Amino acid sequence: MKCPHCQHVQKLTMRAYYRSPRGRHVCVSCTQRFKLRWSFSYVALLALASLTTVYAPALILYWLTRSVWLAALCGVACLFLFCFPIDRLLDERRDTEKVPA
Ligand SMILES: [Zn+2]
């Protein structure tokens, strides 16, 4: 992530990712706040990632077992194991913008 105030590039750790579900971060260099900018390509890639890593495995497991709870548990596990790390990688490459005061 690049700070829009001072252009400092900082790594988005999983801890920082989970602490900021709305995509608002504080620069470690200038301590100014900034947020991640939404784009069509980000939403499309996130939708593709969630379809392939969460919904498809859960749907296949439901088709095999007919258990809603097992499919839901599989979906939640896949969300944390695959989808959130992919989203963090996407977030790290998203453009940033200043947070209005
Ligand atoms: Zn900064």
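F34 has K98 of strand β3 as its bridge partner. This is a predicted model.

**Sheet**
- Strand β2 (residues 33-36) pairs with β3 in the antiparallel sense, over 3 bridges.
- The sheet is open and has 3 strands in the order β1-β2-β3, with antiparallel pairing.
- Its edge strands are β1 (24-26) and β3 (96-98), each of which pairs on one side only.
- On average, neighbouring strands of the sheet are turned by 40° against each other, direction ignored.

**Helices α2 and α3**
- Helix α2 (residues 40-65) packs against α3 at an angle of about 160°, and the two axes are 8 Å apart.
- Angles over 145 degrees count as roughly antiparallel, so α2 and α3 are roughly antiparallel to each other.
- The crossing of these two helices, α2 and α3, is right-handed.
- On the α2 side, the residues that make the contact include Y42, L45, L46, A49, L61 and T65.
- On the α3 side, they include V68, L70, C74, F82, I86, D87 and L90.
- By class, the residues of the contact of α2 with α3 are 19 nonpolar, 4 polar and 1 charged.

**Residue R93**
- R93 lies in helix α3 (residues 68-93).
- R93 is partly exposed because 13 other C-beta atoms lie within 10 Å.
- L81 is 12 residues from R93 along the chain, and the C-alpha atoms of the two are separated by 20 Å.

Terms used. Residues are numbered from 1 along each chain as its sequence is written. This is a predicted model: local features need pLDDT of at least 70, side-chain atom pairs count only at pLDDT 80 or more; totals for chains, interfaces and linings use all residues. Helices (H or I, at least four residues) and strands (E, at least two) are DSSP runs, numbered from the N terminus. A residue is buried if 20 or more other C-beta atoms lie within 10 Å of its own, exposed if 12 or fewer, and partly exposed in between; C-beta atoms are placed from the backbone. Axes are lines fitted to C-alpha atoms, for helices over the stretch in contact, and angles run from 0 to 180 degrees between N-to-C directions. Angles under 35 degrees count as roughly parallel, over 145 as roughly antiparallel, 65 to 115 as roughly perpendicular and the rest as oblique. A crossing is left-handed if the near helix is turned anticlockwise from the far one by less than a right angle, and right-handed if clockwise. Two residues are in contact if their C-beta atoms, placed from the backbone, lie within 7 Å. Ala, Val, Leu, Ile, Met, Phe, Trp, Tyr, Cys and Pro count as nonpolar, Asp, Glu, Lys and Arg as charged, and the others, Gly among them, as polar. Two strands pair if DSSP finds at least two bridges between them.
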